Amino acid sequence: MVTDDESVNYPILIVFLEQFIAILKVLSESSHSLTEDLRGLEIPSTLYTLATFISRVEDTDAAAVRLKMKFCTLCTSVFGRTMLMRTKEGNMRQSIVDIIIDWVQDIPTVRFRLVCKFATC
């Protein structure tokens, strides 16, 4: 289970969030009837909620940093397709960017080198 009483099982939460990100990424990059697949899904609010969950994950290992990188890749994919976004959703985009900026500011230099090692910077 993800939560046992008051504690959170972060490794299981990270796996769940990674799988959720992968599903959203496949949906966002699908070329066949994309609007039909995403019609019932509020992408900006879903991404914002996902970002807030990811923010709660402790940055104790490389898995948390990889999760944040996957989320950023998902955002690039979704926001790169302008047909998915409406102009009234700009505030939600800004909120997501604010969360990501907080992540970047919190990563120490040593952890950044670890991320670059995995991402082949």
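Let's start with Trp103, which counts as buried because its relative accessibility is 5%; buried here means under 20% relative accessible area, exposed over 50% and partly exposed in between, with a 1.4 Å probe and protein chains only. Keep in mind that this is a predicted model, where local features need pLDDT of at least 70, side-chain atom pairs count only at pLDDT 80 or more, and totals for chains, interfaces and linings use all residues. Residues are numbered from 1 along each chain as its sequence is written, and side-chain values use heavy atoms, leaving out hydrogens and water.

Trp103 is among the residues that Phe71 touches, along with Ile21, Leu47, Leu50, Ala51, Ile54, Ile96 and Ile100, when residues up to four places away in sequence are not counted. Contact means heavy atoms within 4.5 Å. Phe71 itself is buried, at 0% relative accessibility.

Now for the rings. They pair if the centres of Phe, Tyr or Trp rings (for Trp, the six-membered one) lie within 6.5 Å; planes under 30 degrees apart are stacked, over 60 edge-to-face, and the rest tilted. This rule gives two aromatic pairs. In one, Phe16 and Phe20 are stacked, because their centres are 6.3 Å apart and their planes at 25°. Both sit in helix H1, four residues apart, about one turn of the helix; helices (H or I, at least four residues) and strands (E, at least two) are DSSP runs numbered from the N terminus. Phe16 is partly exposed at 46% relative accessibility, and Phe20 is partly exposed at 31%. Phe71 and Trp103 make an edge-to-face pair, 5.6 Å centre to centre with 70° between the planes. This pair links distant parts of the chain, with Phe71 in helix H4 and Trp103 in helix H5, 32 residues apart.
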